[in-house]
Structure formats: structure tokens, C-alpha cells
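Hi,

Here is the structure I promised to pass on.

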Amino acid sequence: MSHTWWRGAAIYQVYLRSFADGNGDGVGDLAGLRARLPYLKDLGIDAIWLNPWYPSPMADGGYDVADYRDIEPVFGTLAEAEKFIAEAHELDIKVIIDVVPNHSSTASAWFRRALTDRTARDRFWFRDEPNDWQSIFGGPAWTQVPDGQWYLHLFAPEQPDFNWANEEVHQEFEDVLRFWFDKGVDGVRIDSAALLFKSATAYEDLDEVHDVYRRWRRIADEYGDRILIGEVWLPDQERFTRYLRPDELHTAFNFDFLSCPWDPAELRRVIDLTLTTHAPVGAPPTWVLSNHDVTRPVTRYGRADTAFAHGGRLHGAPSDLELGYRRARAAALLAMALPGSLYVYQGEELGLPEVEDLPDELRQDPMYARSQGANPGRDGCRVPLPWAGEEPPFGFGGPHPWLPQPESWRKLTAEAQQADLGSMLNLYRTGLRLRRELLGDGSLSWLPLGDGVLAFIRSSGLICVTNLGPGPIPLPPGRTVLASGPMADGDLPPDTTVWLTSLE
């Protein structure tokens, strides 16, 4: 791949606990991931992004990191991680890992020392009196320690926030970047990237954060083709793209697109705004339909309200899964056709729905616990993948996965979809192969095909048409390359996307 491989890459997100279990203990691990690398190569992805794989008490699914230079024993060993990186590279697959700079774990050496030694507390946010900030997970954002002081945690109490006014914190994370780049990692995804600095009244998107990423960018550039990817949830696109200036991050997740309802005007607005704001900084857009924090598209697109917001997950709202499945297929081809890089969350390529009927006693997300059950949390999109067979655990590994799978998933296993040319899995395989040949980075030109229709042409000559209207529409001249669903006497039905090549 070129040194700018990331500009048009298709990146597959692995939530390691739920991908594949190699040792039979019910938890996904590096052994399972390594065994499934041929599946990912066949799928047609360019890179793998892994959620945190570090030692952790798992108070927040691994985002409470106790040691940034080792591997959680449940997942494997550091030596096995090095083997995984090497094996992925042999298949021409890049490796991206999570770095979590906003907070640590109460189990970390730094925090354990801070509890007994007040001189070590400046690495965190300890105060004699808390303010009124609330945790993003619900409840107060401050917890009191035995000697009376309070520490800040914007997420769970087990996740104390770092104090980025302390130079030791800067040095620690710069060393962590070098440690993993030296191991061969090709990039890092930066969790909660806009939250690092705090003032007396604010904790998001303060100007000082940009100096951190300028320092990180200089380190990444030393290694040649390493990339920095930001998780930046900001409603202001202008401020969002400040993180993508040429001396800061390479890309950042496009949450406007992920959260957008299945609506032609809104999708067109978000796509236009994304392209317009990214162009001046020279950064490629990213297109994301789901991740480990978000209701799965098949369920979301089948609801009356197809948008997504963390504060209103619409848990239990009626969903027409057949309609959602059709729209998820159409959305997949639309996202693949847009210029920039693409993210695919594991199970998206299988058309998995959200699991909304998990027993309450099995839920592990702190969002659920800290909201006293009002927020169901994110466990429903983290249920282990179904690989093969007629009964749970569907080849995941071990008799009892850490979260149970629905029996209805027997029709959605990778094995069941393998031979079905019309399956979601084969739609993704074909789409990603054609995307690599004909799409990726670049620009687009809109085509005027009427209300309710999104249509554009790419520089390769490929035309993408998505019908979000109430009835079938005639297609422009061209040869059909791929469609998300069957045609209706040559017309494009509602909730369907087609790729065409121009006849010119």
C-alpha cells in the first residue's frame, strides 16, 4: 500500500471480546482473531482497528486501562500481539489500536500511588471540593477518596481523568505511542480525543488539546506512514475539522453521518457539509454506519425514528427488521461509494440486529448501572459474533459466551451466508472489492435525479444511486455493477442502492 493508504482504506473494527474465542473460555481473544484473519482478508478490508486490548479490570469494556504497554491476559500475551501484527502484515492488512488518553484505571500504578501519596496526585484531577459536573455515564463526575479529597472521572468512577497540564502525562503517552509504533502498529485511534484539557467551567474542545496532537503528529511522521484517528464528537463541523489540520490528526470519525436519519435531505446535507469542511484542511472524510457504542443499523433503520443519539437510544422502540435490513444494505453501498475512508464494525457485514432482550443481570455496560437501568447501555451491539452451526454459541468458542446470542442468528452466521450470493456478507465482499478497484479517495459530482434520491458520479465513472423515496424510480443509462436489492422491472425500488457504470 502507498504511504497514504489510509485516505481511501476500508477499516474493520474488532471488538476483541466479541469477535472470536480461541481458547474456549467464552471471551474473544487474539488466538481467535488470528485464526479468523483469512476471513477478514477475504472480506476485502485494508486495516483492522482493535478496541483496547490492554490489562484492565473491564469496568468499561477495557477503556479503563491499567497498563498501556501490555496485553490483557484474557486476550493473550504481548508476544501473541506481536505475532498478530506480523501475520496481519503478511496479508497486507494494517493494524490500528486504541489509545485512551483522557483517563486511566483505578487499578493503574499511577493511581494506586496517588491514593497513598498526595505528591503524586497532580497526574490526575484531585480537588478538595468537587464542582457540579455530571459523568457522561450518569451520576456525579467526582468520587471521594478516604482522606477527603475528590477525583474527577468524566466516565465511570473506575476511570480517573488524567491532568494534561502535567508534563509527565504528555511524556507518558508519547512514550506509549513510540512503544507501539516500534512494535509495528500502523496507527492509533484516540478515544475521547476532545476531552483531555479541563478549565474551571469546561472540559470539551479546549484549545490546548491541539498542541497535544501536534506533538503526536511529529512522532507519527517520524515513523513514515503511521496514522492518527480521532474520536471527536462535536456538533460544530468547523471546530471538528480543526483537529484535521495538516500538522494534527490524519482523520476523525464522522459521527454526523453515523447519527443521520434515513432521510434524503439530511443525508445530502451531512455529505455536503462533510466534503466542504474537510476540503480546506486536505483531510479525507470518514464514513461510519455503526460501532461498539451505537445501535446496529438493521435495528435503527427499521424504526420510525432512524437517527441515533446516545441520550435517546430508543431501546425497545418497535423496529421493522425486514425494512431495517433492506435499508442497511442500501446504506452500506452508499457509504462504500463516498470518497474517503470507510469503517465497518464487526457483524455489520452479517446484518446483525441489536440484541435488546439481554437479561438485566448479564448487562455489563456502566451506562446501564449508573443510570439505574434507564439507559440500556451498549451491550446489545457487543454480543459475540455467530460464525457457524445451528445453535449458540455458533462457533464463537466455548459453551457460554460472555453475552448470550439469540437463537435466531442461525440464519446470520458467516457459514450460512457464505454460499448465499444474495447475503449481506457477499454484498459486503463484492462491494469492498469493487470499492478498492473503482472508489476510495477522491471527490464526487451530484446528479439531479429528483427528490428522495441521492445520486452522484465518481471520477472512475461509477454512478451511485440511492432511492429513499416512496416508490420506484427510473435509472440513468448505465450498466448495473452491484445493487443492494432486486430491481423492479428495471426501476430502482425504495430503500435500495445501485452502482452503475456510465455507457459513455
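E16 covers residues 496-501, and since six of its six residues are buried, the strand is largely enclosed by the rest of the structure.

Before going on, a word on where this comes from. You're looking at a predicted model, where local features need pLDDT of at least 70 and side-chain atom pairs count only at pLDDT 80 or more, while totals for chains, interfaces and linings use all residues. Residues are numbered from 1 along each chain as its sequence is written, and side-chain values use heavy atoms, with hydrogens and water left out.

Strands (E, at least two residues) and helices (H or I, at least four) are DSSP runs, numbered from the N terminus. Two strands pair if DSSP finds at least two bridges between them. In general, strands of a sheet pair through backbone hydrogen bonds, either parallel or antiparallel.

So which strands pair with E16? One is E14, antiparallel over six bridges, with Cys464 having Trp499 as its bridge partner in E16. Another is strand E15 (residues 479-483), joined to E16 by four bridges and also antiparallel; there, Ala483 stands opposite Val498.

Is strand E13 (residues 453-458) enclosed or open? Five of its six residues are buried, so E13 is largely enclosed by the rest of the structure. E13 pairs with strand E12 (residues 444-446) too, antiparallel over three bridges, and Trp446 has Phe456 in E13 as its bridge partner. The hairpin of E12 and E13 has six residues between the strands, and in it Gly450 takes a positive phi near 105°.

**An open sheet**

Elsewhere, look for an open sheet of three strands in the order E4-E6-E5, with antiparallel pairing. Its edge strands are E4 (126-127) and E5 (142-144), each pairing on one side only. Three bridges join E5 to E6 (residues 150-152), and Gln144 stands opposite Trp150 in E6.

**A glycine in a loop**

Gly380 is in the loop between helix H12 (366-370) and helix H13 (414-418). At 4% relative accessibility, Gly380 counts as buried. Leaving aside neighbours within four places in sequence, Gly380 is in contact (heavy atoms within 4.5 Å) with Glu354, Val355 and Leu358. Gly380 and Asp357 are 23 residues apart in sequence and 8.2 Å apart in space, C-alpha to C-alpha.

**The whole chain**

Zooming out, the chain has 14 helices and 16 strands, and buried residues make up 59% of its 504 residues. Its C-alpha trace spans about 75 × 50 × 45 Å along the principal axes. Among contacts between residues at least 6 apart in sequence, 65% join residues at least 24 apart.

Happy exploring!

Notes. Buried < 20%, exposed > 50% of the residue type's maximum accessible area, 1.4 Å probe, protein only.
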